[in-house]
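Reader: I'm new to this one. Could you walk me through it, one question at a time?

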Amino acid sequence: MPAYPILLAPGDGIGPEVLEEGLKVLNAVERRFGHEFQYENALVGGAAIDEYGIALRDDTLDAASRSRAVLFGAVGGPKWDDPQASVRPEQAILGLRKGLGLFANIRPVRVNPLLLADSSIKSEVLEGVDMVVIRELTGGIYFGKPQKRWENTRGRQAVDTMRYSEREIERILRTGFELARGRRGKLTSVDKANVLDTSRLWREIATELAAEYRDVELEHVLVDACAMHLITHPATFDVIVTGNMFGDILTDEASVLAGSMGMLPSASLGRRRRNGTGIGMYEPIHGTAPDIAGQGIANPLAMILSVALMLRHSLALEEEAAAIEEAVDGVLAEGYRTADIESGSGSTVDTTRMGTLVAERLAT
Ligand code: IPM
Ligand code: MG
């Protein structure tokens, strides 16, 4: 039987609560399909700062590299929010992404027809929304040097650096072209080429690569226009590929389409083996939600759907992944909702009940 070592990094806030439900679903997958997942646990983010004084220990990064996948909750919270602090919870997530070479962040945004009414956007605009946003994850302004602040006679100063190399741009664009090829064949490359040199290089490389992917229709859209189109005609997007910061912002925006951030999973992937799998980190796109942490009302579906992505992209267990996604659809179809997607008609359930419902459905 193949071994499936998985590192669990629950983090802070609602992270541990939703991860618990992800595990429940993994247990159900073990029973139904006869697998055995091996878990190791690690404190990351604020929890690690409290215990060890740093957000990500070398030991944790080593454990992550030894595993097939990392299942990550969320990090951060008001307790560690001091903008002057040199140690911050977010260093855990940035450090894992960089340390594991996870340069491609895949964020699928699908509007479940059952949840059309839950979005603040009109349902006719939302119908048929099914896109994947690919965000470059280990470069750009989040990692460029210099990054610092200082003070001089003119007061406080700070600098961040947006830098991209040809190699970084090419590999993420290829991820986009390949994915678009397996879907509806449309790739939207998002940049700010009217202002930024990094974007002009990005656009140039995208246009060059398009010659190799003639079956994919490539369009270039400026990030500000894209932000608008995501709300005015979201169903026209198939695959969007963009840099680190633009992707960070646009995916939060796109999550509104799905009715709640609590619905959206993500996968962060590095280099792939020939069978398409490789180490990855899987996490809901929502954060730690300190306002509802500890209340047991968080939506665990983004985490549960992240577990499905993990089975698909790191463990090559496609049937199992699809079974989880079907179970989630089934539970929603029966009318069960957590508070964030509650529509007034179905029954509102808490975090653990929602996890149990999905796990039970998988068992049958
Ligand atoms: C995300 C988050 C992170 C990011 C933060 C926590 C550093 O917003 O995954 O989108 O910006 O990448
Ligand atoms: Mg973000």
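This is a predicted model: local features need pLDDT of at least 70, side-chain atom pairs count only at pLDDT 80 or more; totals for chains, interfaces and linings use all residues.

Reader: In what order do the ten strands of the open sheet run?

Author: The sheet is open, and its pairing is mixed. Its edge strands are strand 2 and strand 9 (217-222), each of which pairs on one side only. From one strand to the next, the twist averages 25°. Read across, the order is 2-1-3-12-11-4-5-10-8-9.

Reader: Which residue of strand 5 is the bridge partner of asparagine 105?

Author: Start with the two strands: strand 4 (residues 104-110) and strand 5 (residues 130-136) pair in the antiparallel sense, over seven bridges. In strand 5, the partner of asparagine 105 is arginine 135.

Reader: About what angle does helix 7 make with strand 9?

Author: Helix 7 (residues 197-210) packs on the sheet, where it touches strand 5, strand 8 (186-191), strand 9 and strand 10 (239-242). Comparing the direction of helix 7 with that of strand 9 gives about 170°.

Reader: Why does the span of helix 1 agree with what it should be?

Author: Helix 1 (residues 15-33) has 19 residues, and at 1.5 Å a residue these should span 27 Å. After the helix comes glycine 34, with a positive phi near 70°.

Reader: What covers the buried residues of helix 1?

Author: Those buried residues include Leu19, Leu23, Leu26 and Val29, but also Glu17, Glu21 and Glu30. Strands are part of the cover: strand 1 (4-11), strand 2 (37-41) and strand 3 (69-74). The cover also includes helix 10, helix 11 (318-333) and helix 12 (351-363).

Reader: Is valine 87 buried or partly exposed?

Author: Valine 87 lies in the loop between strand 3 and helix 4 (90-99). Its contacts, leaving aside neighbours within four places in sequence, are Ile49, Gly53, Ile54 and Ala55. Buried would need under 20% relative accessible area. The value for valine 87 is 28%, so valine 87 is partly exposed.

Reader: Are arginine 97 and glutamate 283 buried or exposed?

Author: These two form a salt bridge, with the closest N and O atoms 3.5 Å apart. Their pair links distant parts of the chain, as arginine 97 is in helix 4 and glutamate 283 is in strand 12 (residues 280-284), 186 residues apart. Both arginine 97 and glutamate 283 are buried.

Reader: How about lysine 186 and glutamate 219: what is the distance between the closest N and O atoms of their salt bridge?

Author: Lysine 186 is in strand 8 and glutamate 219 is in strand 9, 33 residues apart. Lysine 186 is buried, with a relative accessible area of 16%, while glutamate 219 is partly exposed at 24%. Their closest N and O atoms are apart by 3.7 Å.

Reader: And how many salt bridges does a search of the whole structure find?

Author: One of them joins the side chains of aspartate 197 and arginine 200, which are three residues apart in helix 7 and so separated by about one helical turn. Shared partners also join Asp130, Arg183, Arg184 and Asp238 into one network. For the whole structure, the number of salt bridges is 20.

Definitions and conventions: Residues are numbered from 1 along each chain as its sequence is written. Chains are lettered from A and ligands numbered from 1 in the order in which they are written. Side-chain values use heavy atoms; hydrogens and water are left out. Helices (H or I, at least four residues) and strands (E, at least two) are DSSP runs, numbered from the N terminus. The expected span of a helix is 1.5 Å times one less than its number of residues. Buried means under 20% relative accessible area, exposed over 50%, partly exposed in between (1.4 Å probe, protein chains only). Contact means heavy atoms within 4.5 Å. Two strands pair if DSSP finds at least two bridges between them. Axes are lines fitted to C-alpha atoms, for helices over the stretch in contact, and angles run from 0 to 180 degrees between N-to-C directions. A salt bridge is a side-chain nitrogen of Lys or Arg within 4 Å of a carboxyl oxygen of Asp or Glu.
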